[in-house]
Amino acid sequence: MQPRLRFAPSPTGPLHIGGVRTALYNFLLAKNLNGKFIIRVEDTDQSRYVEGAEEYILQSMAWLGIEADEDPNKGGLLGPYRQSERKEIYHKYALELVAQGWAYYAFDSSEDLTNYREQAEKEGERFLYGPLNRKGLNNSLSLSESETQSQIENGKDFVIRFKIPENKEILFHDEVRGEITVNTNTLDDKVLYKSDGMPTYHLANVVDDHLMKITHVVRGEEWLPSLALHTLLYQAFQWTPPLFAHLPLLLKPTGKGKLSKRDGEAGGFPVFPLSWNESVGYKEAGYEPEALLNFLGLLGWNPGDDTEEMTLEEMVRKFSLSRVQKSGARFDLEKLNWFNAQTLQNLNNTEIVARYKKRNNIYDAVPESVLVAGVSLVKERLIKVDDLNDHQYLFNQPESYEERAVKKQWKAETPQLLQAFLEDLMSVPKSSPAVKKAIHDFCEKHEIGMGKIMAPLRIALVGSLQGPSVDELINFLGVDVVKQRIDIACEKL
């Protein structure tokens with residue numbers, strides 16, 4: 001059977017960065033195995049449905065470059081790919097489980113269940129609707145067949161619950177965590193089919209994975225407690241289960257616990273791929289999709305060597321579940337920034353300018369060839385393409401001069417030295433090595449240290465002591481612009 005993996009998000013809000021990693025790992029494994037990657041929208045919980053969330057999820061996948069072979073928009077032979085469009089399928093299988101004795105009707109009201117829980121709490125216990133008490137509750141296991149039928153015909157609200165076997169050891173295998181054993185007396189009879197005519201996650205998930213021929217289920221650690229129930233559901237239907245793998249949690253940067261939106265707000269970093277309402281996304285914050293995928297790929301998996309920088313194609317070639325770790329992976333913003341900077345380093349200057357222009361219009365009047373040449377001077381200083389905005393001195397006269405730098409480096413004799421240097425510069429060939437030699441020769445001729453001329457030059461040209469090497473900057477700006485900036489600085493300072 002051809003490997004088939006799926007990412008199955010719920011449209012209950014924006015896609016968390018942990019969900020992006022889950023999608024990425026499914027994509028990587030599918031493509032590594034020459035299989036198919038499917039996106040299925042699990043929208044059975046209509047009470048939590050958020051308008052626009054599905055579109056947001058699919059747009060996020062498109063921006064990241066995680067392309068599905070089948071999804072709600074593309075379709076496919078085993079669709080539809082929205083669970084809300086498959087309601088009749090789930091109803092059929094829910095009734096099949098009832099007929100085979102694997103499920104039953106339960107008529108307990110929400111008030112009844114609340115009372116059961118409160119009573120259990122008073123006794124210092126936790127209420128479980130399951131093998132140890134279900135025959136004393138209001139369901140088709142405690143009622144006669146005629147009483148059950150009468151309640152259904154009279155319009156009594158009911159749910160269909162799975163009938164967990166009593167006191168049975170269930171052994172199942174997880175590709176990341178190995179063998180796991182659970183006693184069924186610790187489980188409850190989960191609702192499979194709700195009173196509103198919609199299935200729960202458990203039924204819809206298993207039915208869809210079977211009908212869509214999913215061979216590997218790779219999902220977050222939070223779904224590990226559901227694995228016992230899902231294993232039993234596959235047994236009940238007499239279906240071959242897929243291989244399961246539960247991914248480690250993404251942990252907050254410091255302290256204990258799962259990475260949350262609050263951590264992002266506190267740490268000043270996004271937790272969503274795209275902006276959602278007032279929350280800025282990674283795209284809008286200036287991160288490159290390749291860098292984000294590279295970073296996420298290594299949060300919980302390693303390629304088996306010291307390689308860090310990888311394209312999506314390289315991660316596909318190297319990916320395997322055997323190298324997914326069990327323990328949680330800590331989010332590290334500095335590492336993400338490093339990946340983003342490295343991504344820019346690996347792009348040619350023309351591509352950096354193209355990406356910059358998609359996001360900014362601050363240098364619209366600057367010819368592209370000049371922008372490209374300017375990028376070559378500061379490329380190693382860029383973490384994001386937007387950082388080019390911090391180097392306006394490349395294209396414009398500095399509007400101000402850093403007070404602290406001026407106080408320390410601009411002396412009474414500085415204007416005279418700069419004007420003398422300008423005279424020497426006029427006859428220097430246009431190249432950085434020639435300019436560098438000219439500065440060195442000037443200092444020797446006037447018997448001064450390099451700092452006496454280099455620091456004031458930088459202040460005049462940049463407005464501060466930051467920026468690329470002075471010789472490269474002079475060569476980039478040209479003698480006429482250098483003269484103009486020196487004259488203005490001498491006048492103002």
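1. (Buried means under 20% relative accessible area, exposed means over 50%, and partly exposed lies in between, using a 1.4 Å probe and protein chains only.)

2. Before you read on, please keep in mind that this is a predicted model, in which local features need pLDDT of at least 70, side-chain atom pairs count only at pLDDT 80 or more, and totals for chains, interfaces and linings use all residues. Residues are numbered from 1 along each chain as its sequence is written, and side-chain values use heavy atoms, with hydrogens and water left out. As for the element names, helices (H or I, at least four residues) and strands (E, at least two) are DSSP runs, numbered from the N terminus.

3. How many salt bridges does the rule give? The count comes to 25. One of them joins E67 to K74, with the closest N and O atoms 3.1 Å apart; E67 is exposed at 53% relative accessible area, whereas K74 is partly exposed at 48%. Another links D441 and K437, with a closest N to O distance of 2.8 Å. These two residues are 4 apart in helix α16 (residues 432-446), which means that about one helical turn separates them. Here D441 is partly exposed at 32% and K437 is exposed at 51%.

4. Take R6 as your way in. You will find R6 in strand β1 (residues 4-7), and at a relative accessible area of 4% it is buried. R6 and E70 are 64 residues apart in sequence, yet 9.2 Å apart in space from C-alpha to C-alpha.

5. D71 deserves a look of its own. This residue lies in the loop between α2 and α3. D71 is buried but has no salt bridge, as the nearest side chain of opposite charge, K74, is 5.3 Å away.

6. Now for a sheet. Three strands, in the order β3-β4-β7, form an open sheet with antiparallel pairing. (Two strands pair if DSSP finds at least two bridges between them.) β3 (103-106) and β7 (191-193) stand at the edges with a single partner strand each, so one side of each has no neighbour in the sheet. From one strand to the next, the twist averages 45°. (Axes are lines fitted to C-alpha atoms, for helices over the stretch in contact, and angles run from 0 to 180 degrees between N-to-C directions.) Strand β4 (residues 159-162) is joined to β7 by 2 bridges, and R161 has V191 as its bridge partner in β7.

7. For contrast, look at β8 (residues 216-220) and β9, which pair in the parallel sense over 5 bridges. H216 stands opposite L243 in β9. Together with helix α7 (residues 227-237), these strands make a right-handed β-α-β unit. (Right-handed: with the strands pointing away from the viewer, the path from the first strand over the helix to the second runs clockwise.) Strand β9 (residues 243-247) is mostly covered, with 4 of its 5 residues buried.

8. Finally, a few backbone details. The peptide bond from G79 to P80 is cis, with omega near 5°, and P80 lies in the loop between α2 (53-64) and α3 (87-99). N34, which is not a glycine, has a positive phi near 60°; this residue is in the loop between α1 (17-32) and β2 (36-39) and is exposed at 64% relative accessibility. N167 has a positive phi of about 45°, although it is not a glycine. N167 lies in the loop between β4 and β5 (169-174) and is exposed at 53%.

Notes. Lys, Arg positive; Asp, Glu negative; His and termini not counted. Salt bridge = Lys/Arg side-chain N within 4 Å of Asp/Glu carboxyl O.
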